Amino acid sequence: MKKLAVLLTCTILLTGILAACGPTPETEVIEKVVTQVVKEEVEKVVTATPEPEATPLPPPAGNIIVWGWEAALNNTLEASGVLDDFLKAYPDVEVEFLIMAPADLYTNLPLALTAGEDLPDVVLVENSNLAQFVHLGGGTGLMDLTDRVAPYVDKMNDYKWSDCVLDGKYYCMPWDSGPVVMYYRRDVFEAAGLPSEPDQVTKLIATWDDYLQACRTIKEKTGDYCFAHNKGNNFARLYEMVLWEQGLGYYDLETGQVTVDSPENIATLEMLGQFWEEDLVSDNLEWTDPWYAELGTVELSEGPIATIVEAAWMEVFMKDWIAPGTAGLWGVAYMPSVTGTGPRTANDGGSTFVIPAKAPNPEAAWAFVEFSLGKRESQLKMFEVSGFIPSLETTYDDGLFETGDDFFAGQNARTIYADVVAKIPSAGIYGPNYHMMHDSVSTAIQNYASGEMPAEEALQEAAAEINANLE
């Protein structure tokens with residue numbers, strides 16, 4: 001049709017030119033030839049068989065099984081109404097949640113992927129466990145979602161894709177992120193004679209050296225510990241966050257080279273070691289009763305902990321069951337920077353959805369994943385009931401990010417979360433060998449904390465062990 005339109009246009013122009021020149025034998029011949037060519041092309045178009053229109057794909061149908069834990073599936077996807085919204089949009093799809101603890105899921109999933117049998121259609125996977133499944137079988141165990149997630153790559157937190165990509169292909173869809181901040185007790189800071197408003201605290205504790213000095217003042221004036229940092233069972237969580245804000249980790253993202261004993265990693269551990277050396281931190285282990293108690297203590301006379309550096313999801317836990325009685329006593333500031341010029345942003349945790357390559361119903365599975373995680377409305381509904389920060393950056397201009405919170409004495413902490421999460425650098429921590437590396441580094445930290453080894457020797461030993469395991 002385009003060819004015919006061009007030909008007709010040219011014919012009209014040529015006819016006009018010939019008419020202007022007046023009739024001559026030559027122009028009459030040219031006009032006859034052009035007329036015959038146009039006639040033949042018109043006949044071709046009229047008699048040609050029209051191209052068939054593409055048949056639209058039928059909407060997905062059938063049953064899908066989703067593996068995950070209760071807090072995410074029942075308490076968030078279902079409680080928010082997003083599951084009902086999906087079922088209304090896709091009436092021919094049925095969704096079954098199979099609830100299991102994360103530890104059980106991470107035991108069952110590799111077995112199912114390897115066997116290729118009894119597979120779910122969708123699986124919730126934390127970022128700390130994601131890369132091991134992406135790299136399992138060279139990515140063949142999970143469905144290649146590269147084309148499907150393409151519209152969302154630039155809309156999600158950039159760092160969230162690091163553990164999701166193998167050989168240029170994408171194998172996940174991000175859900176929530178873990179922007180790290182510093183929670184602090186306003187009353188403890190006031191008792192120590194320190195500023196207690198969020199902007200003031202962010203300015204006061206701009207670096208880890210500033211943090212050290214503030215902790216000295218708090219200990220001197222109140223006797224309270226600054227934060228919990230166990231020695232004997234330290235599992236490297238805080239250490240990883242401080243590495244992350246520097247864009248460091250256990251290995252180099254570009255080359256894969258182990259960096260556990262790099263000068264920067266050693267310096268980071270020695271910096272944290274100062275808090276032990278000066279007895280500024282409690283020896284309580286995270287996620288144990290003594291740790292809950294120091295976070296939940298209301299009365300200053302009972303020795304509350306002054307701060308905790310952790311991801312935004314910690315807010316939900318403190319409100320709901322760890323420290324609900326401390327509402328109004330907390331504030332939120334940016335985490336300190338190591339260098340004073342680098343970012344004050346890091347990640348801890350976060351999760352994604354993946355689809356097994358041999359999922360029984362892959363089309364319905366993707367429809368569920370895209371509807372739940374790719375839609376702004378869905379992400380906001382889940383955020384409203386869970387408090388877990390969406391990885392989808394198009395949600396951050398919503399009013400849910402602009403309201404004050406009584407738990408933080410009216411402070412709008414979510415504007416800080418949104419600012420932090422969009423600036424988190426990528427770091428070589430949650431890689432395919434994360435758990436093996438993490439175990440070695442945790443042991444190194446414990447050896448250093450107990451005084452058995454200097455930081456350099458402890459991390460060199462960990463690096464040697466890791467490299468041996470990788471051979």
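Visitor: In which helix does Glu 456 lie?
Guide: Happy to start there, and please keep in mind that this is a predicted model. Glu 456 is partly exposed, with a relative accessible area of 43%. The helix in which Glu 456 lies is α19.

Visitor: Which residues gather with Glu 456 in a patch of negative charge on the surface?
Guide: A residue needs over 30% relative accessible area to join a patch, and Glu 456 has 43%. The residues that gather with Glu 456 in this negative patch are Glu 270, Glu 277, Asp 439, Glu 457, Glu 461 and Glu 465.

Visitor: Which element gives the largest share of the negative patch?
Guide: Two elements give two or more residues to the patch, namely α12 (263-277) and α19 (455-470). The largest share is 4 residues, and the element they come from is α19.

Visitor: Let's stay with α12 for a moment. Is Thr 268 buried or exposed?
Guide: Thr 268 is found in helix α12. Leaving aside neighbours within four places in sequence, Thr 268 is in contact with Tyr 239, Val 242, Leu 243 and Gln 246. Its relative accessible area is 2%, and the cut-off for a buried residue is under 20%. So Thr 268 is buried.

Visitor: Where is Asp 279, and what is its phi near?
Guide: The place of Asp 279 is in the loop between α12 and α13 (289-296). At 38% relative accessibility, Asp 279 counts as partly exposed. Asp 279 is a residue other than glycine, yet its phi is positive, near 55°.

Visitor: What about Asp 167: what is its phi, and is the residue buried or exposed?
Guide: Asp 167 sits in the loop between β4 (165-166) and β5 (169-170). Although Asp 167 is not a glycine, it has a positive phi of about 50°. The relative accessible area of Asp 167 is 70%, and over 50% counts as exposed. Asp 167 is therefore exposed.

Visitor: Which residues is Thr 146 in contact with, leaving aside its neighbours within four places in sequence?
Guide: Thr 146 has its place in helix α7 (residues 146-149). The C-alpha atoms of Thr 146 and Tyr 171 are separated by 7.0 Å, although these residues are 25 apart along the chain. With sequence neighbours within four places left aside, the contacts of Thr 146 are Gly 168, Lys 169 and Tyr 170.

Visitor: Why is helix α17 largely enclosed by the rest of the structure?
Guide: Helix α17 covers residues 414-421. Arg 414, Ile 416, Tyr 417, Ala 418, Val 420 and Val 421 are buried in it.

Visitor: What percentage of the accessible surface belongs to carbon and sulfur atoms?
Guide: The accessible surface of the protein comes to about 21,400 Å². The part that belongs to carbon and sulfur atoms is 52%.

Conventions:
Residues numbered from 1 in each chain as written. Predicted model: local features only at pLDDT ≥ 70, side-chain atom pairs only at ≥ 80, totals over all residues. Heavy atoms only, no water. Patch = residues over 30% accessible without salt bridge, like charges linked within 9 Å, V, L, I, M, F, W, Y side chains within 5 Å. Areas by Shrake-Rupley, 256 points an atom, 1.4 Å probe, with all protein chains shown as cover. Salt bridge = Lys/Arg side-chain N within 4 Å of Asp/Glu carboxyl O. Lys, Arg positive; Asp, Glu negative; His and termini not counted. Charge placed at Lys NZ, Arg CZ, Asp CG, Glu CD. Buried < 20%, exposed > 50% of the residue type's maximum accessible area, 1.4 Å probe, protein only. Contact = heavy atoms within 4.5 Å.
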